Amino acid sequence: MVLDFLQSLSEIELVGGLTLLSLLIGGIIMAVGIILAKTVRLLFTKYYAPKLSQDTAKNFGKLIYFGIIIISFLVFTSSTGVDLSGLLVAGGIFGIVIGFATQSVVSNLISGVFLMVEKPARQGDSIELPSLNISGTLLDIGTFSVRIRLFDGTIVRVPNESIFTSTIRSLTSTQVRRSECLVGIAYKEDIDAAISVIKKEIRKTMSFVLTLPKPEFRIKELADSGVNIEVLVWHPREDWGEVSPKLLKVVKKALDDNGIEIPFPQRVIWDAKK
Amino acid sequence: MSTETSESEFSNYGLYTVIDNLELFLPHTEIKIERMGPNVFSYVRNDSESDLVKKIIPVKSDQLTIEISPIRPLNYPAKRTSYVYLELETPVFLSENSAATIFARCPIEIGVFLIHDGHKDSLDCFTCDPTNSRFALYGVPDSGTLCKYAPSEIVESYEDSIPFVNAVLEINLQNQLDDGRSISKIIFPISDNSVYYKNSKAIIDSIEAVLKKKLTLQIFDVSKKSIQTDWTLSPSYERELIDMGVD
């Protein structure tokens, strides 16, 4: 009875020699291919991915999955006897049309491949894209786009092409980072004394500031109202939040506690008549 | 800490069994353990920076046993590295093909461990010298090694540690080069070095530091050397941080 049913399916021709039976067999091949692809990817994720870096594991997972799907599709086409040559001729003209229409999609796809190969940043790195005004943690480099979690907690999706053509500043590729602040002291104050008290306060209260390299002090400018001193300190890369936003507060406290004047903007006016 | 503290002022390292309450006095730090209920104790630590650490400890028995011991100086202000950078206050000059053994101070932190069913669980850790617990970079910013930094004084023997602030470690220096060299700093991974204590003194496993030539490079090779001692071995404190407020 089953044989009769299959016989009847093989006699129903759809297009160009493609019978319902061969379509059914092809469907089974594709289904087995998808199940196999998912199983292999699952086994890879469970046993081999932990030994690789996060993004490499993810890319390998995708490669395995889509590789098996493509092989299944090729087996499907050869088993059903579908002749794709006609499709290729038609596809040539159609491809030009589609090519123009999907230019940005293809561009993003190619950029994604190059990003995966070049790896300008890894998953979990903190990055800054100055031209796009984006700073955050890199979550994932996908086929068409990159997901970045901004420091305010929101997630932004950036097309791969934009990332690939942007300047990327990695904030976590080295063990240490530097933070700076600028403070002005009145002209009447002793610069060395001011630097000394700032140095002591940083040493006392900022536990993440590195002892070596030592905090650096540069006389930035003899400005309109006072002498501007730039304070530069190094700290572990993870502790930017413990240093950079607090540095100016610590510097001001040191100057206030020691009675060193931070000048307001001021202008000396000479009376020509006197 | 610039001045040496008197031993007698403070509690000692070691095991403490708490029936009702216990107070321990360490430099700039006070620990109070009090019974809250039949099987519950409270743990409160107060330090020089007015930070207060409070924990509630449920126990199976009607008493609580803790161990206070020196631990490796890697946890305060945060765990960032396993390297220690000791800057010798007085550099040691080694002439060609010579060797010397010195004792140097190395910072420590204090670990509090809860003892139950033969296990020692990390309960708390802190430093009695927070203003000197700082990081430094050995090397250049783009490829250097982040280390815990401490100026180190050369002392006479293992008995010369400052209680609860530092330990003493033996450093075997050797110069295999053909010219004399001054050694002013030693950088080494301390995660393999065990810490030992007796009363309020602490010592750390020795290190061997050899100045030698490897191919065309002159290197300073530092390795750990275990010591044989009757001092008590401190438990290890370091552990991985689990998310969701579990530490």
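In chain B of this predicted model, strand β2 (residues 21-26) and strand β3 (residues 29-37) pair in the antiparallel sense over six bridges. Two strands count as paired if DSSP finds at least two bridges between them, and strands are DSSP runs (E) of at least two residues, while helices are runs (H or I) of at least four, numbered from the N terminus.

**Strands of chain B**
- Leu26(B) stands opposite Thr29(B) in β3(B).
- The hairpin of β2(B) and β3(B) has two residues between the strands, and His28(B) there takes a positive phi near 60°.
- β3(B) also pairs with strand β4 (residues 40-46) of chain B, in the antiparallel sense over seven bridges.
- Ile31(B) stands opposite Arg45(B) in β4(B), and a hairpin through two residues joins β3(B) to β4(B).

**Where the chains meet**
- Contact (heavy atoms within 4.5 Å) links 18 residues of chain A with 18 residues of chain B.
- There are two salt bridges between chain A and chain B, a salt bridge being a side-chain nitrogen of Lys or Arg within 4 Å of a carboxyl oxygen of Asp or Glu.
- In a salt bridge, the side chains of Arg80(B) and Glu238(A) meet at 3.8 Å, N to O.
- On the side of chain A that touches chain B, α7 (191-205) and β10 (227-236) of chain A each give two or more residues, and α7(A) gives the most, with three.

**How to read the model**
- Residues are numbered from 1 along each chain as its sequence is written, and chains are lettered from A in the order in which they are written.
- Local features need pLDDT of at least 70, and side-chain atom pairs count only at pLDDT 80 or more, while totals for chains, interfaces and linings use all residues; side-chain values use heavy atoms, leaving out hydrogens and water.
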